[in-house]
Amino acid sequence: MSYLHFDKTLMINLEESLPREILRTNKSGAYHCTTIVDCNTRKYHGLLVIPVPNLDDENHVLLSSLDETVIQHGAEFNLGLHKYQGNHFSPNGHKYIREFDCEHIPATTYRVGGVILRKEKIFVHHENRILIRYTLVDAHSATTLRFRPFLAFRSVREYTHENSQASRDYQLVENGIKTCMYPGYPELFMQLNKKNEFHFDPNWYRGIEYPKEQERGYDFNEDLYVPGYFEVDIKKGESIIFSAGISEISPRRLKQTFDAEVADRTPRDSFYHCLKNSAHQFHNKQEDDHYILAGYPWFKCRARDMFVALPGLTLAVDETDEFEDVMETARKAIGNYIKGEPIDCKIYEMDDPDVLLWAVWALQQYAKETSREQCRAKYGSLLEEIIDFIRQRKHDNLFLHENGLLYANGADRAITWMNSTVNGRPVIPRTGYIVEINALWYNALRFIADLVREGGNGLLADSLDAQAEVTGKSFVEVFRNEYGYLLDYVDGNMMDWSVRPNMIFTVAFDYSPLDRVQKKQVLDIVTKELLTPKGLRTLSPKSGGYNPNYVGPQIQRDYAYHQGTAWPWLMGFYMEAYLRIYKMSGISFVERQLIGFEDEMTSHCVGSLPELFDGNPPFKGRGAVSFAMNVAEILRILKLLSKYNL
């Protein structure tokens with residue numbers, strides 16, 4: 001039995017199968033995402049979803065789905081599945097599914113009478129092309145396959161509806177057709193590796209519904225255009241490959257391309273390999289630039305997420321070259337920002353006050369994984385530029401005060417990772433001295449001081465250490481309260497006494513202004529009030545405003561986003577902090593905590609981790625189906641554990 005395997009009983013039960021999603025990406029921004037029964041439940045779902053840069057900065061669904069029909073003796077068995085109005089599912093192709101397996105690539109086995117048909121999907125790396133291989137495992141008589149493509153040609157944030165502007169034109173290409181519904185879009189090429197018949201039979205399929213959008217309080221229905229259908233005969237033991245892409249391909253190349261792509265995949269046969277495979281999916285290479293996407297299906301490259309996730313997605317899976325590639329693009333963005341120039345790459349939110357400090361933290365992980373000498377040689381000048389930029393008070397919203405602490409104004413705009421807003425105003429107006437920003441600041445000062453001292457620059461090292469002394473003393477005075485935990489933020493007489501997870505970073509980082517007793521007190525409070533099997537809560541149930549369920553329409557979810565929901569990426573820092581305090585004796589506890597995440601490999605987005613979880617049992621996964629920081633931090637802890645277990 002493979003690691004990611006679902007039997008007929010689960011597949012035909014839509015209550016069990018529809019919430020489970022699969023994601024495949026091409027590492028260049030395009031993706032395929034749907035449910036394990038191939039019924040789209042989100043407007044973001046589709047077989048071929050790609051960026052169209054000349055239109056906008058969003059992804060676009062070109063090919064929404066492909067209905068397959070098995071024909072024998074004139075009898076037709078449609079394997080497709082769509083949800084229509086009135087909770088009506090049609091054509092109910094899921095009832096023919098015998099099993100679904102995605103250890104290597106997503107593979108669905110159907111049984112229709114004496115016919116056993118296997119369908120396997122793969123997204124070609126760095127090309128906007130999805131390939132689907134159909135293998136007739138068994139059949140007792142002549143069999144024909146019919147493929148009916150459902151086209152959308154729309155942004156992932158919009159819907160398409162029946163209209164007279166959509167072009168019905170198509171041209172024949174080798175073993176297929178090309179078509180384009182609207183100006184500005186690329187042509188869609190649909191081809192098979194075997195001669196076939198295309199029957200032009202244009203129709204709009206109206207009222208297709210997306211229940212996940214309905215749950216989230218959005219519009220949830222659209223019409224999809226079907227230009228016609230392909231028919232091809234298939235013999236027992238034969239494989240036929242369907243290709244959908246934005247360029248023509250030689251049908252003779254399809255088998256070779258499919259096999260080469262399969263050979264290039266990491267088998268998802270363990271918890272670690274699932275996460276490693278998922279880690280690769282966040283990479284987005286665009287010509288000379290290399291980004292980390294914050295998550296799927298709707299996130300772009302956000303600066304903070306990129307720096308937090310980078311060590312786990314690269315160094316933790318022994319891919320140092322990938323770290324350096326991403327950091328090369330990030331270095332350009334940092335340089336632009338420091339010089340006050342427009343950011344000339346697609347990294348967003350560079351101006352948030354903690355971003356440069358997270359960049360220092362990411363480089364610190366690189367130094368630990370390679371060597372301090374290598375880090376200094378490659379990134380020493382960048383680190384000095386960052387620390388100088390902050391010390392010289394050149395950041396628009398990061399002010400170094402005489403007490404050594406960094407002050408940031410977050411009253412009117414959300415400036416930290418707790419960034420939910422309602423009507424343009426932060427739900428949690430974290431402002432003034434913010435605990436994790438100053439923990440990052442102290443850590444950065446000490447790390448860079450040690451790095452430059454080893455490189456022979458004692459003058460700068462002494463200056464940074466002197467700054468850190470002042471900062472560390474003030475940190476304890478300002479943030480630590482009589483109950484032994486840290487205030488979340490302090491602005492003059494305004495002190496936030498809420499028990500939040502942001503204090504855990506002070507225990508997890510290599511350099512901390514807290515002594516061991518103080519660290520243990522913080523860890524104990526976090527363990528007692530914030531720890532769940534799926535991550536740390538964003539707010540203690542004992543604090544006012546606790547709202548643990550991320551459900552309902554947008555405004556309701558925004559109020560809950562950081563008011564009690566649990567986030568797996570915070571667990572990475574929590575477990576690192578736990579190991580700092582308890583060392584070898586903490587290993588079994590950390591290993592037990594990881595079980596809660598391994599359980600998620602067969603839920604939500606299969607083989608990955610969703611954005612967040614409800615803060616109360618049963619801790620249901622919510623938000624984006626696959627989230628970079630979560631995958632990264634669990635991978636980083638697995639790597640850390642492996643060092644303890646040597």
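Select Phe-573 in this predicted model. Beyond its neighbours within four places in sequence, Phe-573 is in contact with Val-308, Trp-358, Trp-361, Ile-504, Phe-505, Ala-508, Phe-509, Glu-633 and Arg-636. Phe-573 also belongs to the largest nonpolar core, which has 213 residues. Phe-573 is listed there with Phe-242, Phe-307 and Tyr-574 as the residues with the most contacts inside that core. Now colour helix H10, residues 435–454. H10 gives this core its largest share, 13 residues. A second core is separate and has eight residues. To find it, pick Val-124, Leu-131, Leu-254 and Phe-258, which are among its members.

**The helix pair H15 and H16**

Select residues 568–582 for helix H15 and 587–598 for helix H16. How do the two helices run relative to each other? Their axes come within 10 Å and cross at roughly 170°. An angle over 145 degrees counts as roughly antiparallel, and H15 and H16 are therefore roughly antiparallel to each other. Show the side chains at the contact. H15 brings Pro-568, Met-571, Tyr-574, Met-575, Tyr-578 and Leu-579. H16 answers with Ile-587, Phe-589, Val-590, Gln-593, Leu-594 and Phe-597.

Stay here and click Lys-583, in the loop between H15 and H16. Its phi is near 50°, a positive value in a residue other than glycine. Lys-583 is partly exposed, with a relative accessible area of 49%.

**The five-stranded sheet**

Next, show strands E23, E24, E27, E28 and E29. They form an open sheet in the order E23-E24-E27-E28-E29, with antiparallel pairing. Which strands stand at the edges? They are E23 (399–400) and E29 (494–495). Each has a single partner strand, so one side of each is left without a neighbour in the sheet. H10 returns at this stop: it packs on the sheet and touches E23, E24 (406–408) and E27 (432–434). The direction of H10 makes about 70° with that of E27. Then zoom to E28 (residues 489–491), which pairs with E29 over two bridges in the antiparallel sense. Asp-491 stands opposite Met-494 in E29.

**The nine-stranded sheet**

Now display the open sheet of nine strands, in the order E1-E9-E10-E11-E12-E19-E16-E15-E14. Its pairing is antiparallel. Strand E1 (5–7) and strand E14 (170–173) are the edge strands, and each pairs on one side only. From one strand to the next, the twist averages 15°. For a close look at the pairing, select E15 (residues 176–179) and E16 (residues 188–192), which are antiparallel and share four bridges. Lys-178 stands opposite Phe-189 in E16.

**Strand E18**

Select residues 221–234 for strand E18. Eleven of its 14 residues are buried, so E18 is largely enclosed by the rest of the structure. Strand E13 (residues 143–155) runs antiparallel to E18 and is joined to it by six bridges. Thr-144 stands opposite Asp-233 in E18. Strand E17 (residues 197–209) is also antiparallel to E18, with nine bridges between them. Here Phe-200 has Gly-228 of E18 as its bridge partner.

**Asn-284**

Move to Asn-284, in strand E20 (residues 283–286). Is Asn-284 buried or exposed? Asn-284 has a relative accessible area of 9% and is buried. Its side chain reaches the backbone nitrogen of Gly-29 at 3.2 Å. A polar contact of 2.7 Å also joins the side chains of Asn-284 and Gln-286. Beyond residues up to four places away in sequence, Asn-284 touches Lys-27, Ser-28, Gly-29, Asp-289, His-290, Tyr-291 and Leu-293.

**Backbone details**

Finish in the loops. Select Pro-297, between strand E22 (295–296) and helix H6 (303–314). The peptide bond from Tyr-296 to Pro-297 is cis, with omega near 10°. Then pick Pro-618, in the loop between E33 (612–613) and E34 (621–622). A cis peptide bond joins Pro-617 and Pro-618, with omega about 5°. Last, click Asp-38, in the loop between E3 (31–35) and E4 (46–51). Asp-38 is not a glycine, although its phi is positive, about 60°. Asp-38 counts as buried, at 15% relative accessibility.

Key: Residues are numbered from 1 along each chain as its sequence is written. This is a predicted model: local features need pLDDT of at least 70, side-chain atom pairs count only at pLDDT 80 or more; totals for chains, interfaces and linings use all residues. Side-chain values use heavy atoms; hydrogens and water are left out. Buried means under 20% relative accessible area, exposed over 50%, partly exposed in between (1.4 Å probe, protein chains only). A polar contact is a pair of N or O atoms within 3.5 Å; within protein, one must be able to donate a hydrogen and the other to accept it, and residues adjacent in sequence count only if both atoms are side-chain atoms. Contact means heavy atoms within 4.5 Å. A nonpolar core is a set of buried Ala, Val, Leu, Ile, Met, Phe, Trp, Tyr and Cys residues joined through side-chain atoms within 4.5 Å. Two strands pair if DSSP finds at least two bridges between them. Axes are lines fitted to C-alpha atoms, for helices over the stretch in contact, and angles run from 0 to 180 degrees between N-to-C directions. Angles under 35 degrees count as roughly parallel, over 145 as roughly antiparallel, 65 to 115 as roughly perpendicular and the rest as oblique.
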